[in-house]
Amino acid sequence: MAKDEETLGSAKREITHVIFDMDGLLLDTEPFYTVVQEKILERFGKTFDWSLKAKLMGKKAIESARIFVEECGLTGILTPEEFLEEREGMLQELFPTCQILPGVKRLVSHLHVNRIPMCVATGSYKRHFDLKTQWHGEIFSMMHHVVMGDDPDVKQGKPSPDIFLVAANRFESNVDPTKVLVFEDAPAGVAAAKNAGMSVVMVPDPRLDASHHKEADQVLSSLLDFNPSQWALPPFSYNIN
């Protein structure tokens, strides 16, 4: 799945800062959204597929709700607000059970040890962030900061670059966007990173159509496949799962 490594290697940029998306990249929460949305659609005799999932991923909650209602032909039957209310209870039960995805601990620990400043930029609102991360404090304690979807400085959701630009501006020093590497799993997130002038490594779900990969600078099957040296970052010197 990875894009040609020789091409990538010849186009290395000096990376000074790293920004991580959260859902589907650090934490395995995306299946929860799928299960809940499938249950809601069952009531209306409709099915949920990955072409729709791709349009929802990475968006702010109300934006994804509008898309969901419109694309599923539920306008006038279910409002976006009713959709969000219905799924909320189910998600709140599921979020605390989420697991860290493969390669996350190794990469985040490695960058932390080598003093590469990192942060998280997630479309999740604070109440959901707290539920998802309550058992994963070690990983998130290594982040310089976290920017969430309900942050007042984030005016527009992905694919707008807002959240990544806000995240970059909250590091302690002035950050050149061209020296920031973003890790994303969602097409909207990849577009947002590119719109911010940043490089982006995409780690998509294998069910996502490959046509959504083209904007990314590199596409990997897992964070376990990430080679820091390809981005002029310190190479791995030890093994943490």
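Student: How many aromatic pairs does the structure hold?

Tutor: The structure holds seven aromatic pairs, where rings of Phe, Tyr and Trp (its six-membered ring) pair if their centres lie within 6.5 Å, and planes under 30 degrees apart count as stacked, over 60 as edge-to-face and the rest as tilted. This is a predicted model, in which local features need pLDDT of at least 70 and side-chain atom pairs count only at pLDDT 80 or more, while totals for chains, interfaces and linings use all residues. Residues are numbered from 1 along each chain as its sequence is written, and side-chain values use heavy atoms, with hydrogens and water left out.

Student: What describes a pair of aromatic rings?

Tutor: A pair of aromatic rings is described by the distance of the centres and the angle of the planes. In the case of Tyr33 and Phe95, the ring centres are 5.6 Å apart and the planes stand at 55 degrees, so the pair is tilted. This pair links distant parts of the chain, since Tyr33 is in helix H2 and Phe95 in the loop between H5 and helix H6 (104-113), 62 residues apart; helices here (H or I, at least four residues) and strands (E, at least two) are DSSP runs, numbered from the N terminus. Both Tyr33 and Phe95 are buried, where buried means under 20% relative accessible area, exposed over 50%, and partly exposed in between (1.4 Å probe, protein chains only).

Student: Is the pair of Phe68 and Phe83 stacked or tilted?

Tutor: The rings of Phe68 and Phe83 have their centres 4.2 Å apart and their planes at 20 degrees, so this pair is stacked. Phe68 lies in helix H4 and Phe83 in helix H5, 15 residues apart, and the pair links distant parts of the chain. Phe68 is buried, with a relative accessible area of 0%, and Phe83 also counts as buried, at 0% relative accessibility.

Student: Which residues of helix H4 are buried?

Tutor: In helix H4 (residues 61-71), the buried residues are Ala61, Ser64, Ala65, Phe68 and Val69. Seen down the axis of H4, these buried residues fall within an arc of 135 degrees (taken from the directions from the helix axis to the C-beta atoms), so they line one face of the helix. They pack against helix H2 (30-42), helix H3 (50-56) and helix H5 (80-94), where contact means heavy atoms within 4.5 Å.
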